[in-house]
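Please read them with the model open.

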Amino acid sequence: MKNPTGIKIVIKSQGTDKDLANAVIEDAALISIRFFLQSPDGTDKVLVQTLINDSNLSFEMQDQLENVLGEGNFYIEEGQLKMALARPSYKEEPEVKVLSNL
């Protein structure tokens, strides 16, 4: 049996959790999600673009001027869940962290 690809987005609003999206998508090769995070006073806004496929979740954050603030990648390698995080504007090599042993 093939694992379905799906997504669930839960937000906390006024002290309760609410499902923003909850869907299983059969035979999907790729899921792409774009959303904005905004500061409470509305002065700062960041665009987050996320791509999800069978074995990888990657994201990129941009400011309002489309400068890339950060890039990240969650993946499984050698029985471990890992995350690589980079800040390309600072020309840094990605930092890799082990999040969990599977």
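1. Confidence. The protein averages 82, and 88% of the residues score at least 70. Where pLDDT is low, the predicted coordinates should not be read in detail.

2. Basis of the values. This is a predicted model, in which local features need pLDDT of at least 70 and side-chain atom pairs count only at pLDDT 80 or more, while totals for chains, interfaces and linings use all residues. Residues are numbered from 1 along each chain as its sequence is written, and side-chain values use heavy atoms, with hydrogens and water left out.

3. Overall make-up. The protein has zero helices and eight strands; both are DSSP runs numbered from the N terminus (helices H or I, at least four residues; strands E, at least two). Buried residues account for 19% of the 102 residues, where buried means under 20% relative accessible area, exposed over 50% and partly exposed in between (1.4 Å probe, protein chains only). Of the contacts (heavy atoms within 4.5 Å) between residues at least 6 apart in sequence, 7% join residues at least 24 apart.

4. The second largest pocket. Its volume is about 180 Å³. A pocket is defined on a 1 Å grid over the protein atoms alone, as an open set of points where a 1.4 Å probe fits, with protein on both sides within 12 Å along at least five of seven lines; lining residues have an atom within 4 Å of a point. The volume is the space filled by probe spheres set on the points, which are joined across faces, edges and corners. The lining includes Gln49, Phe59, Glu71, Leu85 and Pro94. Strands β4, β5 (56–62), β6 (68–77) and β7 (80–86) each give two or more residues to this lining.

5. Glu71. This pocket-lining residue lies in strand β6. Glu71 counts as partly exposed because its relative accessibility is 32%. Beyond four places in sequence, Glu71 touches Phe59, Glu60, Ala84, Leu85, Ala86 and Pro88. Glu71 and Thr50 are 21 residues apart in sequence, and their C-alpha atoms are 9.9 Å apart in space.

6. Lys82. Is this residue buried or exposed? Lys82 is buried, because its relative accessible area is 10%. Lys82 sits in strand β7, and its side chain makes a polar contact with the side chain of Glu77 at 2.9 Å. A polar contact is a pair of N or O atoms within 3.5 Å; within protein, one must be able to donate a hydrogen and the other to accept it, and residues adjacent in sequence count only if both atoms are side-chain atoms. Leaving aside neighbours within four places in sequence, residues in contact with Lys82 include Asn73, Tyr75, Val96 and Val98.

7. Ser39. The loop between β3 (31–38) and β4 (45–53) holds Ser39. Ser39 counts as buried because its relative accessibility is 19%. Its side chain makes a polar contact with that of Asp41 at 2.7 Å.

8. Positive phi. Glu66, in the loop between β5 and β6, has a phi near 65°, a positive value in a residue other than glycine. Glu78, in the loop between β6 and β7, has a positive phi of about 55° although it is not a glycine. Glu66 is exposed at 61% relative accessible area, and Glu78 is exposed at 71%.

Notes:
pLDDT is the predictor's confidence in each residue, from 0 to 100.
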